[in-house]
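Work through the two exercises below with the sequence and the model at hand, and compare each step with the solution given.

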Amino acid sequence: MPVPPKPFTQECSKCGWKHTVRPVSDVLLIPVRCPRCDNPDLIRRRPSYFEQVWSKLIGK
Ligand SMILES: [Zn+2]
């Protein structure tokens, strides 16, 4: 059984930009660099409950 992909949040350590990724729909949209300051050193972490709900609401 494959493990279903879990959402995660990417956060920029420089400018504070963050984006919650839902792998099912966003698999091709995972940024490798911060779109705001071009920092390639993005932090990947589990999203908080609020961020998951927010991500569903705004569809991003
Ligand atoms: Zn940044």
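Relative accessible area sorts residues into buried (under 20%), exposed (over 50%) and partly exposed (in between), computed with a 1.4 Å probe on protein chains only. The model is predicted, so local features need pLDDT of at least 70 and side-chain atom pairs count only at pLDDT 80 or more, while totals for chains, interfaces and linings use all residues. Residues are numbered from 1 along each chain as its sequence is written, and side-chain values use heavy atoms, with hydrogens and water left out.

**Exercise 1.** Identify the protein donors of the zinc ion and classify their arrangement.

Step 1. Donors are N, O and S atoms within 2.8 Å of the metal (3.2 Å for Na, K and Ca), and water is not among the atoms, so sites may look incomplete. The SG atoms of Cys12, Cys15, Cys34 and Cys37 lie 2.3 to 2.4 Å from the zinc ion.

Step 2. Four donors count as tetrahedral if all angles lie between 85 and 135 degrees; the 4 donor atoms here subtend angles of 104 to 117°, which makes the arrangement tetrahedral.

**Exercise 2.** Trace the salt bridges that join Glu11, Lys18, Arg45 and Glu51.

Step 1. A salt bridge requires a side-chain nitrogen of Lys or Arg within 4 Å of a carboxyl oxygen of Asp or Glu. Glu11, partly exposed at 23% relative accessibility, pairs with Arg45 at 2.8 Å, N to O.

Step 2. Glu51, buried at 9%, meets Lys18 at 2.9 Å and Arg45 at 3.2 Å. Through these shared partners, Glu11, Lys18, Arg45 and Glu51 form one network.

Conventions: Tetrahedral: all angles 85-135°; square planar, octahedral: opposite > 155°, others 65-115°.
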